[in-house]
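Student: Please show me the model, and then let us go through its local features one at a time.

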Amino acid sequence: MTFDLRLIPLLPFVGAVLLMLFGRRMARDTVFVIAALAIAAACVVSVDAVFSALPDAGPGGLVDVVGTWIATGDLHVDLAFRLDGLSGVMCLVITFVGFLIHVFAAGYMADDPDYARFFAYLNLFCGAMLVLVLGDSLPVLFIGWEGVGLCSYLLIGFWYSSTANADAGKKAFITNRIGDFGFLLGMFLLFQYAGSLSIPEISSAARTGTALMQPIWFGQPVAFWAAVFLFIGAAGKSAQIPLYVWLPDAMAGPTPVSALIHAATMVTAGVYMIARMHEVYVLVPAAMAIVAVVGAATAMFAAVIGFAQNDFKKVLAYSTVSQLGFMFVGVGTSNFDGGIFHLVTHAFFKAGLFLCAGSVMHAMSGSGDIRIMGGLRKKLPVTHGVFWVCWLAICGIPIFSGFFSKDSIIAGAFATEIYGEHLAWVGKLVGVMLMIAALGTAFYMSRLYFLVFSGSETRADEKIRHHIHESPPIMTVPLVVLAAGAALVGLIGLPSELWHHPEQNLLAHELEPVVRTELVISTSTEIIFMVASTLLAVAGIGLAYAFYGGGYRELARAFAGKFPGFVRLVQDKFRVDELYGAIIIRPIKAVARGLYVFVDRIVIDKILVEGTGVIVDVFSRIARAVQGGDGQRYMAVFAVGVAVLVHFAIQPTLPFTKLKVSQTGRSVEVDARRGTRQSTRPLDYVFDFGDGRPVAKGTAAEQRHDYDRPGSYTIRVTVRDPRWGTEDDFKEKVEVQ
């Protein structure tokens, strides 16, 4: 069945182009209407495609081929889009949550002088992400992949007049290029061995016994290395160890940008890509194990860093890094629908949390320092209510969306059998790591909630306290809608094992034709981990209340006083940025500086540019010295030149540097010619082979000689020119066996 899927990304692109070209001459209301209508229209088309057209489509879903993009040799790539259950869910999340962020941004950015440019970038960002999820081939997906990377650079560094903001944008862009290099290597491997870059064709080729299972490096098959390289790209885009360092610095951009990056667009791209390429990953359990272990390690590590951060948005940034780790564990344990389920719930509660951060900072005169907040529950009632719902959702309290999605991943990690006998321990290991991360999540998010909203008084100065007020409706209405999603969207993924009715898990039912289910979770396992997840969430909240309920309590001060070094280390994010600076950035800068000084300043400037001038100057001075109009001097120079020419002309034609001697047993052949060229006039050659026998004379430049006994001999050849009486000698030593 056909459907104009191209409209879904095209509408935001049209909005972006209009705003880039004419936005500066438009009224702010007009700018907002164009931007919001573009993403809203894309949402409407997505809803129509998913709920009206997709149910009547065949197994492959809806396909829209715009035309041939690349056709050379064996490579054929169509500019084509495909919408199935997986890409349909992603389109709905991107467009719906993206629309709410657009609406919020209209109020948040109301006084910004670059209002039109901001909304143009937002539209461009959403359009690129839609291309990514709809791409029917890896090259088309890669267009969107690079597009969101570009847009992140533009939006993170949006306030580029500040050096810190511009540097944050560059950091995000460069870090992602490292990951993208891995992604490209994975693409090249798949094309080399699968013969196609079409995702359906690659999936069809991902079978045991095919070329993808051919061992290439270290005994591992093509599919393993392709999966690992693709995951490197995913680790860069979705901020996993070791390429996570760009995401916390992305907070330099406006808060709506943070919400869009963290909730609805860029950082979810890696999770989506692995789910889309799941046929390749399930072929090699070792690659799945790498994805799961890295995800679990990232979830734990980022959670610990979140314990001591004092910037509102930085806490949420490390929360995103940690929650992405949960998603990677989901897809890495073959629980693909669980990973996508958490992606969907996370989009709602994380967008709500970030926009609440924007609302709070809007009230706090732009400050995001949670140490000066507190007591905002009554002063910002709507923002507090939304944050409360999203906080409980991310902590994993029952009935809220995060409870269902996080529990499905943890239970799936313990239940998975994808790794086989030799790697069976991986599932249990990552499950335990996620439970620790879940406890940490409840703690640091509760710390954030208590320091910002609990207590009777705000810890800020009088000027900020006087400014505190609730945000206008254009900002609070999207918050309320996101809160409703954070509370209720978990119902689309109710664990069917509890009621033995698979159709009740609406999301899994939608994804089933696309993502091959490799995981079965028993009812008892599901119940055990539901209870365990709830206890961990309650414990984390209770522990945070003991430390920070109502503000900084004595227990928090005592802990910081007893372990100041550890607290400082966590506040400094374990100094990973400093480590990267020492072992990567500074050495590269030193090499670049050396190349600049040697190549640019010395080789290019001094030798090639200035050196050319010096050479011309020297020769011009020499020429000027002999061009003085003195006839006697001219004749003297002429005579010297003629003498030099005569000298070289009368020399016999000799070998370049040494004789050419070839040896066979006790027989040698000597060739005294210059290359293969004979002299233009007759020369006399005298060959003395050094064995006491008479010398050979004549005009032949080649001579053969047989030695009677072995030994070391010196061959001497004298070349004479009978016309001029000149001669020259050559010697060559030979060993005769």
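Questions and answers on the model follow.

Student: What kind of model is this, and how are its residues numbered?
Tutor: This is a predicted model, in which local features need pLDDT of at least 70 and side-chain atom pairs count only at pLDDT 80 or more, while totals for chains, interfaces and linings use all residues. Side-chain values use heavy atoms, without hydrogens and water, and residues are numbered from 1 along each chain as its sequence is written.

Student: How many salt bridges does a search of the whole structure find?
Tutor: Side chains of opposite charge can pair when their charged atoms come close. A salt bridge here is a side-chain nitrogen of Lys or Arg within 4 Å of a carboxyl oxygen of Asp or Glu. The search of the whole structure gives 24.

Student: How many residues apart in sequence are the parts that Asp-114 and Arg-24 tie together?
Tutor: The two side chains meet in a salt bridge at 3.7 Å, N to O. Asp-114 lies in the loop between helix H3 (85-108) and helix H4 (115-134), and Arg-24 in the loop between helix H1 (7-22) and helix H2 (28-53), so the parts tied together are apart by 90 residues. Helices (H or I, at least four residues) and strands (E, at least two) are DSSP runs, numbered from the N terminus.

Student: Is Arg-276 buried or exposed?
Tutor: The side chain of Arg-276 meets that of Asp-84 in a salt bridge (2.8 Å, N to O). Arg-276 lies in helix H11 (residues 269-276) and Asp-84 in the loop between strand S2 (75-83) and H3, so this pair ties together parts 192 residues apart in sequence. Buried means under 20% relative accessible area, exposed over 50%, and partly exposed in between (1.4 Å probe, protein chains only). Asp-84 has 7% and counts as buried; with a relative accessible area of 10%, Arg-276 is buried.

Student: By about how much of the helix are Asp-617 and Arg-621 separated?
Tutor: Their side chains form a salt bridge at 2.9 Å, N to O. Asp-617 is partly exposed at 33%, and Arg-621 is partly exposed at 47%. Because they are four residues apart in helix H25, the separation is about one helical turn.

Student: Which helix gives the largest share of the lining of the largest cavity?
Tutor: Helix H17 (401-415), helix H18 (425-453) and helix H22 (523-548) each give two or more residues to its lining. The largest share, five residues, comes from H17.

Student: What is the phi of Phe-218?
Tutor: Most residues other than glycine have a negative phi, and most peptide bonds are trans. Phe-218 lies in the loop between strand S3 (215-217) and strand S4 (220-221), and is exposed at 78% relative accessibility. Although Phe-218 is not a glycine, its phi is positive, about 55 degrees.

Student: What is omega for the cis peptide bond that joins Ile-241 and Pro-242?
Tutor: Pro-242 lies in the loop between helix H8 (222-237) and helix H9 (246-249). For the cis bond from Ile-241 to Pro-242, omega is about 5 degrees.
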